[in-house]
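Hello,

Here is the structure that I am handing over to you. My notes on what was found in it follow below.

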Amino acid sequence: MAEKRKLPIGVEFFREFHTENFYYVDKTGFIGELLRTRGTVNLFTRPRRFCKKAAG
């Protein structure tokens, strides 16, 4: 039986996806589909602390 992968809740560093066996879904191909079939409103979300500098 294959080992179950974990959901990356609270994971901050990309390298942990591989080393800790988390699920990872590459949605790069979705960009072309979005551009072809875009709606009147599109919502783009980001991780909570994405692109923020560390305090200090």
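I begin with a tyrosine: with a relative accessibility of 46%, Y24 counts as partly exposed (buried is under 20% relative accessible area, exposed is over 50%, and partly exposed is in between, with a 1.4 Å probe and protein chains only). Please note that this is a predicted model, in which local features need pLDDT of at least 70 and side-chain atom pairs count only at pLDDT 80 or more, while totals for chains, interfaces and linings use all residues. Residues are numbered from 1 along each chain as its sequence is written, and side-chain values use heavy atoms, with hydrogens and water left out.

Aromatic rings

The count of aromatic pairs comes to four (rings of Phe, Tyr and Trp, the last by its six-membered ring, pair if their centres lie within 6.5 Å; planes under 30 degrees apart are stacked, over 60 edge-to-face, and the rest tilted). One of them joins F14 and Y24: the ring centres are 5.4 Å apart and the planes stand at 85°, so the pair is edge-to-face. F14 belongs to the segment before α1 and Y24 to the loop between α1 and α2, so this pair ties together parts ten residues apart in sequence (helices are DSSP runs of H or I with at least four residues, numbered from the N terminus). F14 counts as exposed, at 56% relative accessibility. Ring pairs link F14, F17, F22 and Y24 into a cluster.

Charges

Which residue lies over the face of F22? That is K6, at 5.0 Å from the ring centre (a charge sits over a ring if NZ of Lys or CZ of Arg is within 6 Å of the ring centre and within 35 degrees of the ring normal). Likewise, R15 has its charged end over the ring of F13, 4.8 Å from the centre.

K6 also forms a salt bridge with E20, where the closest N and O atoms are 3.8 Å apart (a side-chain nitrogen of Lys or Arg within 4 Å of a carboxyl oxygen of Asp or Glu). This pair links distant parts of the chain, 14 residues apart: K6 is in the segment before α1 and E20 in the loop between α1 and α2. A search of the whole structure finds one salt bridge. Both partners are partly exposed, K6 at 40% and E20 at 39%.

Surface

L7, I9 and Y23 make a nonpolar surface patch of about 380 Å² (patch residues have over 30% relative accessible area and no salt bridge; like charges are joined within 9 Å, and nonpolar side chains, Val, Leu, Ile, Met, Phe, Trp and Tyr, within 5 Å; areas are by the Shrake-Rupley method with a 1.4 Å probe, and for residues only the protein chains shown count as cover). Y23 lies in the loop between α1 (15-19) and α2 (28-37), and is partly exposed at 45%.

Regards

Technical notes:
Helices (H or I, at least four residues) and strands (E, at least two) are DSSP runs, numbered from the N terminus.
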